[in-house]
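Please look over the sequence and the model below before reading on.

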Amino acid sequence: MADDLLARHRSVLPAWLSLYYEDPLEIVSGSGNRVTDAGGRTYLDFFAGILTNSLGYGLPELREAVLEQVGRGVVHTSTLYLLRSQVELAEKIARLSGIPDAKVFFTNSGTEANEAALLLATTYRRSNQILALRSGYHGRAFATTGVTGNRSWSATSFSPFQVTYLHGGYRFRSPFRHLDDEAYVAACVADLRELLAVATAGDVACLIAEPIQGVGGFAVPPDRLLAAYKEVLDETGTLFVSDEVQTAWGRTGEHFWGISASGVVPDAMTFAKGLAGGWAIGGVVARADVMDCIESNSISTFGGNPVATTAANAVLDYVLSHDLQANAAKLGARLHEGLGDVAARCASIAEVRGRGLMVGVELVGPDGYTPDPAAAALALERARAAGLLIGKGGLYGNVLRVAPPLTLTEAEAEEGLGILADVLETVDRDTR
């Protein structure tokens, strides 16, 4: 049956639509933080549908909220009508954002959210010049591909923007990697000023940046870097857009929004993924003057629909009432500590990085530097064989990504950590 489904998939879906594993997995059910495949095998999920199933699977509070809305018979109206759950959700997000006089626009995904933010910024500033970070990823559509600084995810060189790429959080392969935090930030800011002088016309629309680069392999900049960038941007009124698609809702543990580690309030933030616990939603929260700069007519047919916003309200209420941010901080620290211990024993692990329940493990060859995507693929397979689902990413596909649901328990953290330790040690032994 699985082979037949794979053949059917390949027959009618695009060849560029990625599938994990040599024998791709069909997930048919889930409960708590575990999923079951079509063959009846159950796995502990440490990737959460790419950080989207933030509350795991089958949570009663989420299921009941969605079923109640569906039971009313209204799953769609469009934004041409008032939507109570949409207004309530926007009020919560605007309040939590810390952005003064904030307004919210809902979409269906992070890609759409970033597209909307780029439209707002370029319209507000009357400029098509964008600053983005090297190794950054912002989505798979035309505009967002155009500002993605990761060639493996850039489908085309065509773009509606003039883009200039800055140094970001991926320090391991940076020419400034030998510098301490203060010197690294100073070098990056000097480079920013140089680029503004020689590679732009001056009237830049915005910088769009992930506080922690997701697809880029959970690369984390020094806390001061994005704040220092914003100080330079403020000199000319250039906007700062924080892409919080993967870092929002307390996942980093230390803060509710990833950008808060930098101590700055951006002009706009985009969000998606974990907000609705698996239901399709995304959006932008921005200063009112930025949000209201669009003068043409517009709607969002499916964005912020009644079911998605009902689900998102239930998820956000659960995250806050159960202090899942604190859970991410506590158990994330345990995962970082445990994987750091493994790295000390395994020469193939160049770096363990990230924050909270976002942990990246970069695998390299015998020289300690050359990317080893084959080792990462092998680790992915062996983790699955041992009953654990993880992800991978990075510019070269050599970084393991560990991002469990925010509802992870201590026992599950130890279970997953034990499996990862065994997998990484055997991969290290077999690839040396």
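**Briefing on the predicted model**

Alanine 48 lies in helix 2 (residues 48-51), where helices (H or I, at least four residues) and strands (E, at least two) are DSSP runs numbered from the N terminus. This is a predicted model, in which local features need pLDDT of at least 70 and side-chain atom pairs count only at pLDDT 80 or more, whereas totals for chains, interfaces and linings use all residues. Residues are numbered from 1 along each chain as its sequence is written, and side-chain values use heavy atoms, with hydrogens and water left out.

**Backbone with positive phi**

- Alanine 48 is not a glycine, yet has a positive phi of about 55°; with a relative accessible area of 0%, alanine 48 is buried (buried means under 20% relative accessible area, exposed over 50%, and partly exposed in between, with a 1.4 Å probe and protein chains only).
- Aspartate 101, also not a glycine, has a positive phi of about 55°, and is found in the loop between helix 4 and strand 4.
- Aspartate 101 is exposed, its relative accessible area being 61%.

- An open sheet is formed by 4 strands in the order 1-2-3-13, with mixed pairing; two strands are taken to pair if DSSP finds at least two bridges between them.
- Strand 1 (27-31) and strand 13 (388-389) stand at the edges with a single partner strand each, so one side of each has no neighbour in the sheet.
- Strand 1 pairs with strand 2 (residues 34-37) in the antiparallel sense over 4 bridges, and isoleucine 27 has aspartate 37 in strand 2 as its bridge partner.

**A nonpolar surface patch**

- Val12, Leu13, Trp16 and Leu17 make up a nonpolar patch on the surface, with about 460 Å² of accessible area together.
- Patches consist of residues with over 30% relative accessible area and no salt bridge, like charges being joined within 9 Å and nonpolar side chains (Val, Leu, Ile, Met, Phe, Trp, Tyr) within 5 Å; accessible areas come from the Shrake-Rupley method with a 1.4 Å probe, and for residues only the protein chains shown count as cover.

**Cavities and a pocket**

- On a 1 Å grid over the protein atoms alone, a cavity is a set of points where a 1.4 Å probe fits but cannot get out, while a pocket is an open set with protein on both sides within 12 Å along at least five of seven lines, and lining residues have an atom within 4 Å of a point.
- Counted in this way, there are 4 cavities of 30 Å³ or more, and the largest cavity holds about 60 Å³ of space, a volume being the space filled by probe spheres set on grid points that are joined across faces, edges and corners.
- The residues that line the largest cavity include Leu51, Val245, Trp249, Arg251, Lys273 and Leu406.
- The second largest pocket has about 580 Å³ of space; of the 21 residues that line this pocket, Val104, Phe105, Phe106, Met291 and Asp292 are the closest to its centre.
- Helix 4 (84-97), strand 4 (102-107) and helix 5 (110-125) each supply at least two residues of that pocket's lining.

**Salt bridges**

- The structure holds 23 salt bridges, each defined as a side-chain nitrogen of Lys or Arg within 4 Å of a carboxyl oxygen of Asp or Glu.
- In one of them, arginine 8 pairs with aspartate 4, with the closest N and O atoms 3.6 Å apart; the two residues are 4 residues apart in helix 1, and so are separated by about one helical turn.
- Arginine 8 is partly exposed at 49%, and aspartate 4 is partly exposed at 40%.
- Aspartate 234 and lysine 230 meet in a salt bridge at 3.2 Å, N to O, and both lie in helix 8 (residues 223-234), 4 residues apart, about one turn of the helix.
- In that pair, aspartate 234 is partly exposed with a relative accessible area of 45%, whereas lysine 230 is buried at 11%.
- Aspartate 430 forms a salt bridge with arginine 382, the closest N and O atoms being 2.9 Å apart; aspartate 430 lies in helix 13 (residues 410-431) and arginine 382 in helix 12 (residues 373-385), so this pair ties together parts that are 48 residues apart in sequence.
- A network of salt bridges links Arg173, Glu351, Arg353 and Glu362.
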